Amino acid sequence: MLMVAVIFIYMVVCATQVRTSPVGCTTNATQNHASGSKCHFLSTSYSLENWMTSLFPAIENLSLLDLSLPGTHDSMTFDLSTTVSDGTNDLPPPIAWVLHEFHDLVPGQFIRNQSKTHGLNLTEQLNNGIRFVDFRIMYTSGPNESASAQHEWYSLHFVQTNEMAITYLTEAKNWMDKHPGEFLVLWLSRHGNECSTGNDQYPDVPDTAKRVFWDEINHLFDGLIFDQSQGLLNATTLATMKQRNQRVVFYVADYARFTGNSSKAIDACQIDNKLGDSVANENATFFNLLERFRNADLTKQNDKSRNKLYLQSMAAGASVEQIEFAALLHYTPHLAPNASEKCAALYKIPGLDYWCPETLMDISLLTNYYNQRILDIAYEQGFGFPNAIYLDALDNEGTIRTGTSLLFNSQKQPSNGSNGSNGSHSTTSYAYVDTLALYNLQRACNQTKSQLHPSVCAELPPIINQRRLAHPVDTWNDPNHGRLVDWPKL
């Protein structure tokens, strides 16, 4: 640990050293000799908060559809209330209405624990390098209010957020203003359906409410939104986007009804969304995802030619049976003596015989335990990555948590997994964002073979790789909680 601390201090000192700059450039910058006027930060200024700024000299002539962005799934679940959203996902609208109306009779705390996938708020996610946000929304009355009360747009994952959606979007806008070299992609939908429209997308929501909200978003992000009328995303370089200051891209479900075919939005049907399989069948999921990454370059190339964004889910999911067992164990454990064994059997992981993941976060951490191997094998073996990945349980330092301690914010929630584990691997995590940042940099440097910015292509990779080594793949044998070394076997 002392050695890690020394390395970290050394990196911080190096990153803040004053260098001699060419005429017209600021400290810690180097001149773009192609134009003679633009300045770029040197590689030693790398941080997760500004990773695209640091890479910009190498990636500026690429489009967003040439990159691979780290993203989060159900990104707003860090701030869920205990109130079921009107028109929520996975339920018929009348049932959702009843659960919202009689919210005092609903086991909201338990439901929230089956819906929550993140502990870091939106600013923290962006500071930790996230550049693709899965922004799910629904038109509903507020938490703990009657379903007949005034409706506004809230984020949701079964239960709705405490704050209105515009509050989180304002947070994103303010962050982007403070980070003028960064780019952000947001996908607006109710439940991750790219092409559903009308009531299938937003049950019983009038088109006027959609248009009013889109106008509000346009006003909020005035000038920052990518405008397709000036060129398609696949044909627009990052340099051009930055020059126009159009650094925010909105993919919008129910595009025509929601935006009126606005050129400042992209139809979410242009997302090639590849869903992952479940950790409940990890022996198949593991190899299916590896095969996706092995073929990712070809998929991304084909999608780019059609102006489509290739998105890969590596998120967790809970079956109805798992939630039922979790409810039995939570409320009536004395009436379900074999519930843990039956729940554990759903996961088909050798040695997992008794533990039942009682929250969605537990499942997210278990999913990430195997995701880390997939991501690292793909990187080390030179596979491709999609345009964006979205997954759960983002942790500090741009990592994904693979240990057993749950990630929760200040809301009163248990700090450990449902197994109560607080051992040496409780907060173990993997370098998710740094791995994708390094992949983007190396691909860009190899493709452009740029001689204009040798400091970026030569100096930056070992700095990022050093960060990766601080959070490497870490596996251990804890079959009681589904964690195994060298399984599935390659």
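**Figure 1. The disulfide between Cys343 and Cys356 in the predicted model.** The two sulfur atoms lie 2.1 Å apart. Cys343 belongs to helix 14 (residues 339-345), whereas Cys356 sits in the loop between helix 14 and helix 15 (360-380), so the bond ties together parts that are 13 residues apart in sequence. The torsion about the S-S bond is about 65°, and the disulfide is therefore right-handed. Cys343 is buried, its relative accessible area being 0%. Cys356 also counts as buried, at 3% relative accessibility.

**Figure 2. The disulfide between Cys445 and Cys457.** Here the sulfur atoms are 2.0 Å apart. Cys445 is part of helix 16 (residues 432-448) and Cys457 is part of helix 17 (residues 454-470), so the pair links parts that are twelve residues apart in sequence. A torsion of about -90° about the S-S bond makes this disulfide left-handed. Cys445 has a relative accessibility of 13% and counts as buried, while Cys457, at 22%, counts as partly exposed; the limit for a buried residue is under 20%.

**Figure 3. The disulfide between Cys195 and Cys269.** The S to S distance is 2.2 Å. Cys195 lies in the loop between strand 8 (184-189) and helix 7 (198-201), and Cys269 lies in the loop between strand 10 (266-267) and strand 11 (271-274), so the bond joins parts that are 74 residues apart in sequence. Cys195 is partly exposed, with a relative accessible area of 46%. Cys269 is likewise partly exposed, at 26% relative accessibility. The structure holds three disulfides.

Conventions
Residues numbered from 1 in each chain as written. Predicted model: local features only at pLDDT ≥ 70, side-chain atom pairs only at ≥ 80, totals over all residues. Heavy atoms only, no water. Disulfide = S-S within 2.5 Å. Helix = DSSP H or I, 4+ residues; strand = E, 2+ residues; numbered from the N terminus. Buried < 20%, exposed > 50% of the residue type's maximum accessible area, 1.4 Å probe, protein only.
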